[in-house]
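Here is a colleague's note on the structure shown below, arranged as numbered points.

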Amino acid sequence: MSTNPFAEIPSVDALLEAAAAPGGLLERFPRSRLKAAFNAELDGLRNAIRRNESCDLHIEWILQAAARRLEADDRDRMRRVINATGIPLHTNLGRAPLSCEALEAVRDAASGYANLEYDIDSGKRGRRGHAVETILRRLTGCEAALTVNNNAAAVMLAVNTLAADGEVLTSRGELVEIGGSFRIPDVIATSKAQLREVGTTNRTRAADFESAVTPQTRLLLKVHPSNYRIEGFTESATREQLVDVGRRHGLPVVEDLGSGSLIDLSRFELPAEPTVQDALQAGVDVVTISGDKLLGGPQAGIALGKSEFIARMRKNPLFRALRPDKMTLAALEATLALYERPDEIAARVPVLTLLVATSDELRTRADRLRKALRSNSTVTATVADSEGFSGGGAMPMERIPTVVVEIESSAMSAQDIARRLRMGRIPVIARIRDDRVVIDLRAIFENDLPLLAELINEALECVT
Ligand SMILES: *Cc1c(COP(=O)(O)O)cnc(C)c1O
């Protein structure tokens with residue numbers, strides 16, 4: 001170093017010129033961001049010199065440091081991750097992956113213009129969500145349907161439309177909280193209705209609803225207790241009984257089915273979930289479900305049932321604030337269309353493809369994955385049977401068999417391995433159990449196995 005180290009510091013212009021070389025940083029980052037990153041690095045170097053620390057002033061080194069800084073800034077941008085948690089409907093990881101058909105429909109609708117609210121036959125204004133409603137009528141026999149941004153919004157719109165300024169009767173056993181701050185009492189309060197709790201935590205009978213009805217009662221609300229179960233001495237009013245009470249008092253019955261499904265999952269040997277059709281056939285007036293849980297579509301809330309009530313919900317000004325965009329509707333419509341070919345549904349709707357994979361299939365994949373991992377004297381990978389959950393408030397207590405690859409190292413803690421997996425070029429999100437990293441095969445697509453093996457190998461590379 002010369003006598004004046006400050007004079008050795010490269011200028012921002014020199015750094016930018018180096019970044020402009022073919023294959024240089026300007027191809028990866030905009031000029032303004034690079035400039036800011038260079039300035040930050042140069043500030044750091046000046047401070048280090050002032051503290052009499054030795055530092056590397058080579059242009060190449062500063063370019064690399066700036067690149068690392070910008071990469072770190074970009075790490076929390078939305079991007080693909082590999083879900084090795086085993087939970088196919090992981091809310092934090094975006095719930096249901098979309099089918100090819102849904103993706104294609106989004107591209108088609110969003111890359112140019114679409115008949116979102118335009119009737120091609122008449123050349124006049126059409127109704128947003130019309131096609132989704134038509135398919136839902138065919139699939140479920142409902143009279144009418146509407147789509148909003150999520151199921152929380154659907155419940156809120158139903159309660160606000162049908163019960164504002166009046167009372168909603170709900171069983172004490174169904175005043176649930178679903179992950180992500182959805183609490184039935186809060187939703188009812190926000191919808192400007194008064195909650196009237198019926199029965200007890202473990203037992204609520206039809207007669208309890210009957211005797212709770214007052215002139216202020218506007219609505220009977222049934223909620224699918226998605227994520228918990230009360231066991232032991234329990235009783236709850238069936239939806240048939242609620243419908244009966246509703247009929248006799250002229251009150252609508254709304255059921256929040258949560259995940260809901262349009263097909264009977266027990267035919268795939270999955271735990272049975274109540275279907276939308278079951279609820280409608282029992283006479284429920286309005287059923288609400290999520291689009292991105294077991295249905296396997298985009299985030300959306302669907303309300304379906306009697307046209308009298310759906311029409312009132314559609315006229316509520318709140319609906320305007322909750323209406324979905326063209327991408328959501330395109331993806332939902334394409335997803336629902338797949339249900340018109342029930343024989344192909346498990347192959348086409350990704351979340352069902354994941355859920356129906358048998359333990360034998362998962363074991364074969366786990367063996368493939370384990371064999372693709374580079375052997376290393378300090379790392380062991382073992383295949384083991386395990387149990388998991390579907391997530392998304394579906395099949396809450398039903399454990400689904402799964403297969404995992406457990407990774408442990410004598411040179412690195414499970415926490416460190418899990419962190420390296422998260423920090424790779426495509427983050428792999430895994431669980432930790434008994435100081436082992438657990439790669440659960442349930443939510444990993446078969447096509448992603450070679451990539452996953454590479455990512456694990458890269459994460460373990462420096463562990464020797
Ligand atoms: C998941 C769930 C909700 C919330 O649905 P979102 O689509 O996430 O808004 C509401 N009620 C029940 C019973 C649920 O399972």
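This is a predicted model: local features need pLDDT of at least 70, side-chain atom pairs count only at pLDDT 80 or more; totals for chains, interfaces and linings use all residues.

1. A pocket, as the word is used here, is an open set of points on a 1 Å grid over the protein atoms alone, with protein on both sides within 12 Å along at least five of seven lines, and its volume is the space filled by probe spheres set on those points.

2. The largest pocket has a volume of about 710 Å³. It is lined by 22 residues, and those that lie nearest its centre are Arg-79, Arg-80, Val-81, Leu-93 and Gly-94. Eleven residues of this lining are nonpolar, four are polar and seven are charged.

3. Which residues surround the ligand? The shell consists of Arg-95, Asn-150, Asn-151, Ala-152, Ile-178, Phe-182, His-224, Ser-226, Asp-256, Gly-258, Ser-290 and Lys-293, and by class it holds three nonpolar, six polar and three charged residues. Helix H6 (151-163) and strand S10 (253-258) each contribute at least two residues to this shell.

4. A polar side-chain atom of Asp-256 lies 2.6 Å from a nitrogen atom of the ligand, whereas Ser-290 places an N or O atom of its side chain 2.7 Å from an oxygen atom of the ligand.

5. A search of the whole structure for cavities of 30 Å³ or more finds one, and the largest cavity has a volume of about 50 Å³. Its lining comprises Arg-128, Gly-129, Glu-133, Ala-145, Leu-146, Thr-147, Arg-314, Phe-319, Arg-323, Pro-324 and Leu-329. Strand S4 (residues 144-148) gives the most to this lining, with three residues, and the lining as a whole divides into five nonpolar, two polar and four charged residues.

6. Is Thr-85 buried or exposed? Thr-85 has a relative accessible area of 7% and therefore counts as buried, given that the cut-off for that class is under 20%. Thr-85 is found in the loop between strand S1 (82-84) and helix H4 (100-111), and its side chain makes a polar contact of 2.5 Å with the side chain of Asn-83.

7. Most residues other than glycine have a negative phi. Asp-165, although not a glycine, has a positive phi of about 70°; it is placed in the loop between H6 and strand S5 (167-171), and at 70% relative accessibility it counts as exposed. Glu-269, likewise not a glycine, has a positive phi of about 60°. Glu-269 sits in the loop between S10 and helix H10 (276-281), and its relative accessibility of 77% puts it in the exposed class, for which the cut-off is over 50%.

Methods
Residues are numbered from 1 along each chain as its sequence is written. Side-chain values use heavy atoms; hydrogens and water are left out. A residue is near a molecule or strand if one of its heavy atoms lies within 4 Å of it. A polar contact is a pair of N or O atoms within 3.5 Å; within protein, one must be able to donate a hydrogen and the other to accept it, and residues adjacent in sequence count only if both atoms are side-chain atoms. Helices (H or I, at least four residues) and strands (E, at least two) are DSSP runs, numbered from the N terminus. Ala, Val, Leu, Ile, Met, Phe, Trp, Tyr, Cys and Pro count as nonpolar, Asp, Glu, Lys and Arg as charged, and the others, Gly among them, as polar. On a 1 Å grid over the protein atoms alone, a cavity is a set of points where a 1.4 Å probe fits but cannot get out, and a pocket is an open set with protein on both sides within 12 Å along at least five of seven lines; lining residues have an atom within 4 Å of a point. Buried means under 20% relative accessible area, exposed over 50%, partly exposed in between (1.4 Å probe, protein chains only).
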